[in-house]
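Me: I have a structure open and would like to go through how it is put together. Can we take it piece by piece?

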Amino acid sequence: MGQVTSTFVAEAGDVCWLRADVALAAAARHQAAQLARGVHLSPEHTARLELCVTELATNLLKHAHDGALALRVVRARDRAAVECLSLDNGPGIDDVPRALRDGTSATGTLGIGLGAIGRLADESGVHSLRGRGTVVYARFWAGPADGARPEPVATGGLTRPITGEQVCGDSWAVRAVGGHGPGALTLMMCDGLGHGPLAARAADRAREAFRDSRHMDPAAVLGDVHLGLRGTRGAAVAIALVDLGEERVRLSGVGNISALVATEGGRSGLLSVPGIAGAQLPRLRTFEAAFPPGSALVMHSDGLSDRWKPADLPGLFGQDPSLVAAQILNQAAVRRDDAGIVVAVRGQRP
């Protein structure tokens with residue numbers, strides 16, 4: 001595969017994580033207002049955003065065993081939005097459709113706040129596992145929504161730093177590849193070695209090299225990232241090519257990056273080889289898996305356990321990729337490490 005044109009789609013950015021405590025609502029409103037100003041959200045949208053995060057915070061404190069809010073700006077091609085994610089570890093919602101429909105409040109549900117969030121946000125969703133936890137997302141777009149069209153493959157991701165650090169050494173990015181059939185995307189998952197600012201610097205460098213690469217072949221892109229990481233402490237990196245024309249995923253990776261394609265019938269793993277991008281790049285291998293309609297590609301760092309199974313997350317993989325990423329992180333992340341995940345979800349054929 002030769003050089004190609006590519007277009008930025010999305011990548012990791014700063015995420016403000018707020019733990020559930022008595023000051024959560026006020027802190028969430030303050031942070032949401034700052035993000036709204038940064039993307040020039042309208043006053044009406046900003047007011048709805050602030051009410052939304054208040055509802056999310058109140059629900060966490062009233063109904064969840066423990067949880068957190070994640071607030072960030074997300075960018076998709078030439079659009080920007082403020083996104084709110086609520087993650088908790090239980091007790092879960094017994095009947096999500098009922099909670100969305102009538103907004104009634106009962107023990108073990110999010111009550112009236114769940115219905116209100118759906119009315120306030122431009123886009124929203126919820127996924128709940130009884131006894132294990134609920135994730136809610138809400139998104140507020142800056143500017144008019146006219147002209148936005150659904151993508152054949154939707155992508156999203158999430159990062160969270162290790163407890164005690166302000167910056168995360170994990171990062172992800174997605175770009176579209178031009179001139180290759182009906183559609184192709186390349187995705188990167190990167191885990192900078194260690195934690196803190198030096199790991200975050202390596203992750204930032206990897207993202208820049210990935211963005212600048214003009215290759216499509218995963219091994220060639222990984223070679224570009226390897227060169228870009230020289231002079232840093234290095235990273236575990238995996239590059240995946242999602243090819244809709246061939247309905248396949250190809251992946252090359254080094255280090256501890258987990259990758260799989262989840263389908264209704266199970267999962268197909270995609271392996272990485274031992275090594276450190278930026279320091280010790282071995283002879284690369286490329287692994288392949290089918291990527292049929294309704295499937296999802298998931299790539300994550302070792303800050304998430306690889307013991308989770310798609311069958312344990314019923315109803316998740318048809319959701320928005322940010323929600324998919326957040327729920328897997330919610331269920332599988334370990335607190336003693338940075339955590340990062342990127343997801344590509346392919347819709348069903350009409």
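**Cores, sheets and helices**

Reply: Start with Leu49, which touches Ala32, Ala36, Leu41, Val82, Cys84 and Phe140, leaving aside residues up to four places away in sequence. Keep in mind that this is a predicted model.

Me: Which residues touch the most other members of the largest nonpolar core?

Reply: Leu41, Leu49 and Phe140 do, in a core of 33 residues. At least two residues each come from α1 (24–38), α2 (43–63), β3 (67–76), β4 (79–88), α3 (96–102), α4 (112–120) and β6 (133–141).

Me: And what does the second, separate core include?

Reply: It has 29 residues, among them Leu158, Leu260, Trp308 and Ile328. As a general point, nonpolar side chains in soluble globular proteins tend to be buried together.

Me: Switching to sheets. What is the strand order in the one with β2 and β3?

Reply: That open sheet has five strands, in the order β2-β3-β4-β6-β5, with antiparallel pairing. β2 (15–19) and β5 (123–129) are at the edges with a single partner strand each, so one side of each has no neighbour in the sheet. From one strand to the next the twist averages 15°.

Me: How many bridges join β4 to β6?

Reply: Seven, and the two strands run antiparallel. Cys84 is opposite Ala138 of β6. Cys84 is also one of the residues that Leu49 touches.

Me: Which strands of the sheet does α2 touch?

Reply: Helix α2 packs on the sheet against β3, β4 and β6, and its direction makes about 15° with that of β4.

Me: Now the sheet with β7. What is its order?

Reply: β7-β16-β15-β12-β13, again an open sheet of five strands with antiparallel pairing. Its edge strands, β7 (153–160) and β13 (266–270), each pair on one side only. Ignoring direction, neighbouring strands here are turned by 20° against each other on average.

Me: β7 is an edge strand. Why call it largely enclosed?

Reply: Because seven of its eight residues are buried, the rest of the structure largely encloses β7. Its pairing with β16 is antiparallel and runs over eight bridges. Within that pair, Gly156 is opposite Val343 of β16.

Me: How many bridges between β12 and β15?

Reply: Six, joining β12 (residues 257–263) to β15 (residues 296–301) in antiparallel fashion. Ile257 has Ser301 of β15 as its bridge partner.

Me: Where does α7 lie?

Reply: Helix α7 (residues 321–332) lies across β7, β15 and β16 (339–346), at about 140° to β16. It also lies across β2, β3, β4, β5 and β6, where it runs at about 145° to β6.

Me: On to α6. Which of its residues are buried?

Reply: In α6 (residues 218–228), the buried ones are Pro218, Ala219, Val221, Leu222, Val225, His226 and Gly228. Their cover includes β8 (170–177), β9 (184–192), α5 (196–212), β10 (235–243) and β11 (248–254).

Me: What caps the N-terminal end of α6?

Reply: Asp217 does, with a side-chain oxygen 3.2 Å from the backbone nitrogen of Ala219.

Me: Last one, α5. What span does it reach?

Reply: α5 has 17 residues and reaches 25 Å from its first C-alpha to its last, close to the expected 24 Å. Its buried residues include Ala199, Ala203, Arg207 and Phe210.

How values were computed
Residues numbered from 1 in each chain as written. Predicted model: local features only at pLDDT ≥ 70, side-chain atom pairs only at ≥ 80, totals over all residues. Heavy atoms only, no water. Core = buried A, V, L, I, M, F, W, Y, C linked by side-chain atoms within 4.5 Å. Buried < 20%, exposed > 50% of the residue type's maximum accessible area, 1.4 Å probe, protein only. Helix = DSSP H or I, 4+ residues; strand = E, 2+ residues; numbered from the N terminus. Contact = heavy atoms within 4.5 Å. Pairing = 2+ DSSP bridges. Axes fitted to C-alpha atoms, helices over the stretch in contact; angles between N-to-C directions. Polar contact = N/O pair within 3.5 Å; in protein donor to acceptor, adjacent residues only side chain to side chain. Expected span 1.5 Å × (residues − 1).
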